[in-house]
Amino acid sequence: MSKYKSLRSERAGFSVLVEKKTVWITLILLILCAAVMVISTGLGSKWISPMSVIKVLMGEGEPMHQVIVEKLRLPRVITAVLVGASLAVAGAVLQGIIRNPLASPDVAGITEGASFGAVLFIFLFGGTVPIHWMPLASILGAIVVTGLLYVLSWKKGVDPLKLVLIGIGLSAAIKSVSYMLIIAGPMQLAERSLTFMTGSIYGVSMDKDVLTLLPWTAVLLGLTWLQARSVNIQALGDDVAQSAGARVQRQRLVLIALSVALAGAAVAIGGAIAFIGLMAPHMARKLVGSSFGSVLPVSALLGALILLLADLAARTLFLPRDVPAGVLTAAIGAPFFMYLLYRNRNRN
């Protein structure tokens, strides 16, 4: 019996080979993610049991529980899932097409570019333009930085290590400009802008944030999954991909655009949350191998879990203070990045 299952659609023009083990791992992660969502919704300064949370989600439960769950905690939990999944998939795409284990939206400077776009949006239009336009501003910021990164690292092709090093430098430069805008802007906008610089999903709402991010995430994740075969071909190298009939540069441009859009939309709501796009794809490949059709859903669920757990720890371990989730993901991700850098250097 074959251990692979082919998922294909001639009308949509895609074909994905998925290992059956991936299906089981995905189901386990889905159940784990749902359980963490319920537990996270119940934990806080006031404890709400999982059964009470489920009752509220089913339209029942005590009125006070309904207010806490629906207005305060559930939007934050859903936002963590959407932001974590988007950043993880964006990182998986970058690592696949660049063929560099160190690639991720934050390391390459894309996250900082998206954050700058959001800060500039707040600085120029704070309070006058609906927040629904903020993901577009973040995506535009990420596109500009990605264009610069691509141009500066190009020399008869994109050198993977050069791209990472230039991305780190660009990230630092853009962060400095963002802080200058925060200092120059009105005081009432400084706190909101700093949220994007540190990465936090504190104070999100269902109407303004979840419903703004949800369509972006759903559409972009779907489009990215349709490109799974292209990522697998790109991972073989340009020469092999071209010999297989792939239009390498066009496919690469589409995939980079999807990665940038995912990171930009996530940063618009969650801020510059670091290292999820680096860690989740590595964990996914350890579980299901390198096929992108398998890596993508597992990366998305692992990214959601990482941010769910980071945000849960950030808002419960330091009560009454609410620490930004980005602080915890950076504390975990920085040693992980150094380990990968050390391992990659030894291999070369």
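Here are some questions and answers on the helices and selected residues of this predicted model.

Q: How many helices and strands does the chain have?
A: Let's start with the overall picture. The chain is 348 residues long, and 51% of them count as buried. Among contacts with a separation of 6 or more, 73% join residues 24 or more positions apart. As for secondary structure, the count is 14 helices and 2 strands.

Q: What distance does helix H3 reach from its first C-alpha to its last?
A: H3 covers residues 63-98, which is 36 residues. At 1.5 Å a residue, a span of 52 Å is expected. The model comes close to that, with 51 Å.

Q: How are H1 and H2 oriented to each other?
A: The axes of H1 (residues 20-42) and H2 (residues 50-57) come within 9 Å and cross at roughly 100 degrees. Angles of 65 to 115 degrees fall in one class. The two helices, H1 and H2, are therefore roughly perpendicular.

Q: Which residues of H2 make the contact with H1?
A: On the H1 side, the contact uses Val 38, Thr 41 and Gly 42. By class, the contact of H1 with H2 has 4 nonpolar, 2 polar and no charged residues. H2 contributes Pro 50, Val 53 and Ile 54.

Q: Does Met 37 count as buried, partly exposed or exposed?
A: Met 37 sits in helix H1. Leaving out residues up to four places away in sequence, Met 37 touches Val 77, Ile 78, Val 81 and Leu 308. The C-alpha atoms of Met 37 and Leu 308 are 7.3 Å apart, although 271 residues separate the two along the chain. With a relative accessibility of 22%, Met 37 counts as partly exposed.

Q: Is Ser 138 buried or exposed?
A: Ser 138 belongs to helix H5, residues 134-152. Beyond its neighbours within four places in sequence, its contacts are Gly 113, Ala 114, Gly 117, Ala 118, Gly 264, Val 267 and Ala 268. Buried means under 20% relative accessible area. Ser 138 is at 0%, so this serine counts as buried.

Key. Residues numbered from 1 in each chain as written. Predicted model: local features only at pLDDT ≥ 70, side-chain atom pairs only at ≥ 80, totals over all residues. Heavy atoms only, no water. Helix = DSSP H or I, 4+ residues; strand = E, 2+ residues; numbered from the N terminus. Expected span 1.5 Å × (residues − 1). Buried < 20%, exposed > 50% of the residue type's maximum accessible area, 1.4 Å probe, protein only. Contact = heavy atoms within 4.5 Å. Axes fitted to C-alpha atoms, helices over the stretch in contact; angles between N-to-C directions. Parallel < 35°, antiparallel > 145°, perpendicular 65-115°, else oblique. Nonpolar A, V, L, I, M, F, W, Y, C, P; charged D, E, K, R; others polar.
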